[in-house]
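Here is a walk through a structure, one region at a time. Keep the sequence and the 3D view side by side as you read.

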Amino acid sequence: MSEGATMKFNKILKNTFLVLVACFALSACATQKVSTGQMQGDVYTGTDTVEYLASGVPDRVFFATNESVLTTASRETLRKQAAWLRKNSNITIVLEGHADERGTREYNLALGERRANAAKDYLMTYGISSDRISVLSYGKERPVDSGSNPLAWSKNRRSVSVKAN
Amino acid sequence: MKNFLICLFIILIPTKTLSLIEVDITRGNLDPLPLAVSPLSIDEDSKKNFENILKKKNIGSEISIIVENNLRTSGLFNPLNKDAFLQAPDIANLKPRFEDWNLIKAQALITGRVSYVEEKLRVEFRLWDVLAGKEMMALAFTTVPNNWRRVGHIITDKVYERLTGEKGYFDTRIIYVAEEGPKTQRVKKLAIMDQDGANNKFLTLGNELVLTPRFNPTSQMVTYLSYFRNLPRVYLLDIETGTQEVVGDFPGMTFAPRFSPNGKKIIMSFAKDGNSEIYTMDLENRIVEKITNHPSIDTSPSYSPDGNFISFNSDRSGYQQIYVMKSDGSNVKRISFGKGIYGTPVWSPRGDLIAFTKLHKGKFYIGVMRTDGSGERLLTENYYQEAPSWSPNGRVLIFYRETKTDSKGKGFSAKLWSIDLTGYNERLVSTPTDGSDPSWSSLLSN
């Protein structure tokens, strides 16, 4: 093989390699898309961890990083909870607020409290008395998913309504 | 408490010689000072008595091993291998043959003697400047035999102080949270140990979640957060008696507690209706004062050592940043302006620096800055680490680090680490279980 031919061959090899790398990158993206299909922005939209207070009444809502703003989906969930609470007027609940592991412990305790209160305020505007709702922040102490990745963190940023009686 | 009293008599006036040895602790020390810790000599009778009481074959050697380990972990000293020592301990303590010690390249030498006197342990020790051929210091003290480990720590403190010009941090303890179990259901207990990891003791049973224990700088009291009866509240714990009490009567979560420098107040956060504010409570008259007043999250407060200022973190700018205010809550000023978010400010006991945690581009850093926010210096970078606590002399920081889990969510651990203010000498502080939220006590003997 002449020198020129070797170089050409090398170039082909290099190009094939690049194409292969590109394929890998694309497939990596593709697999990641499947998992991020459970997130909108970085708010969890899946149902893996969701439990039900009653048929059709999900127990939890999810938040974006560092946020305590309720999403449209969260508000819908909370309206279902409020309707169920109105029908079952003897039931009291604890709103357990949580944060993901990517923050300092004390700030996360405050953030969990802020998230649970966002849910509480919304339930109150739908007619649930504050006497029936207590708030408990766990900060980052009780993750549901022990993963160290964005999807796991999105499942952990949550407020969960738990029956207290 | 009685156990902690230690009689300290100076029997020989420190010799006023100009010493040739000087250890510079203001820069990273890549060339630790070689020194020899000769085993403390002991007579046969004393040896037998201590063996009966303490179940230790040779308490003199045991104490010198403690001194050696302390000096080594400081990163500033290199204790030489005892096999190379030419002179017997008892003779070295009377009059070292400096040529012998010079030969093995020891620049300093520690010698001493332990004896059993009226049911007590009596120690004398000397620090020698090998190059100058002179005694630098000689001290003796007496204590109950059970305090033998503390004797090693006190000797180290004295040697450290004589050679560096700054107080030591060896006769101290660490309180921390011992952790076990899966990441989603961690069981946490308060635990306390000596600074070198010895005498580890669990203070709670793990029935309720406990977090963020912090020492009172003036006593053996601790303040911490407990989820007793699912009500997260700040508590006080007396380590000696085990008595606990809730701090204040707040209708919601109190958290992030610390003592004021004189130990008379607790500063903490109180969260209500989605808003966390900083409060103080006077432990004598129980008067509660609200210090911050802002609809954002204000937490992780820490006093300056003179008690005149408070640093804290707040997200009033949109993200978590560090602020300083006067202790009455006036003159709030943001001091962190670098890229990323900043939290857990802790004022150095020397008053000149604030240690913090920083999150930037997915990495966590422990760093220090001046109290006006200038001179930011990052000491260590990791996947997750936070909550620095200062050694009482302000030279070393202890903090905790958590590992990233694998794709199956396995492999989680939390460990205590220490690092020098210079950014050198990073070390794992080993604990029987996983650990987090460490807090360093002040010197026990002062």
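**From a paired strand to the chain contact**

Seven bridges tie strand 28 (residues 396–402) of chain B to strand 29 of chain B, and the two run antiparallel. The model is a predicted one. Within this pairing, B:Ile398 stands opposite B:Ser418 of strand 29 of chain B.

Now follow strand 29 of chain B to another partner. It pairs with strand 30 (residues 427–429) of chain B, again in the antiparallel sense, over three bridges. B:Ser418 takes part here too: its bridge partner in strand 30 of chain B is B:Arg427. Strand 29 and strand 30 of chain B form a hairpin, with six residues between them. In the turn, B:Gly423 has a positive phi of about 90 degrees.

Why is strand 29 of chain B largely enclosed by the rest of the structure? The strand spans residues 414–420, and six of its seven residues are buried, so the rest of the structure largely encloses it. A residue counts as buried if 20 or more other C-beta atoms lie within 10 Å of its own.

Burial also marks a helix. Helix 5 of chain B is mostly covered, with 14 of its 17 residues buried. This helix runs over residues 148–164. From first C-alpha to last it reaches 24 Å, close to the 24 Å expected at 1.5 Å a residue. Just after helix 5 of chain B comes B:Gly165, with a positive phi of about 85 degrees.

Next, look at an open sheet in chain B. Four strands make it up, in the order 19-20-21-22, with antiparallel pairing. Strand 19 (298–303) and strand 22 (333–334) of chain B are the edge strands, each pairing on one side only. Strand 22 of chain B pairs with strand 21 (residues 321–326) of chain B over two bridges, in the antiparallel sense. There, B:Tyr323 has B:Arg334 of strand 22 as its bridge partner.

Helix 3 of chain A lies across strand 19 and strand 20 (309–314) of chain B. The helix runs at about 145 degrees to strand 19 of chain B.

Key: Residues are numbered from 1 along each chain as its sequence is written. Chains are lettered from A and ligands numbered from 1 in the order in which they are written. This is a predicted model: local features need pLDDT of at least 70, side-chain atom pairs count only at pLDDT 80 or more; totals for chains, interfaces and linings use all residues. Two strands pair if DSSP finds at least two bridges between them. Two residues are in contact if their C-beta atoms, placed from the backbone, lie within 7 Å. Axes are lines fitted to C-alpha atoms, for helices over the stretch in contact, and angles run from 0 to 180 degrees between N-to-C directions. The expected span of a helix is 1.5 Å times one less than its number of residues. A residue is buried if 20 or more other C-beta atoms lie within 10 Å of its own, exposed if 12 or fewer, and partly exposed in between; C-beta atoms are placed from the backbone.
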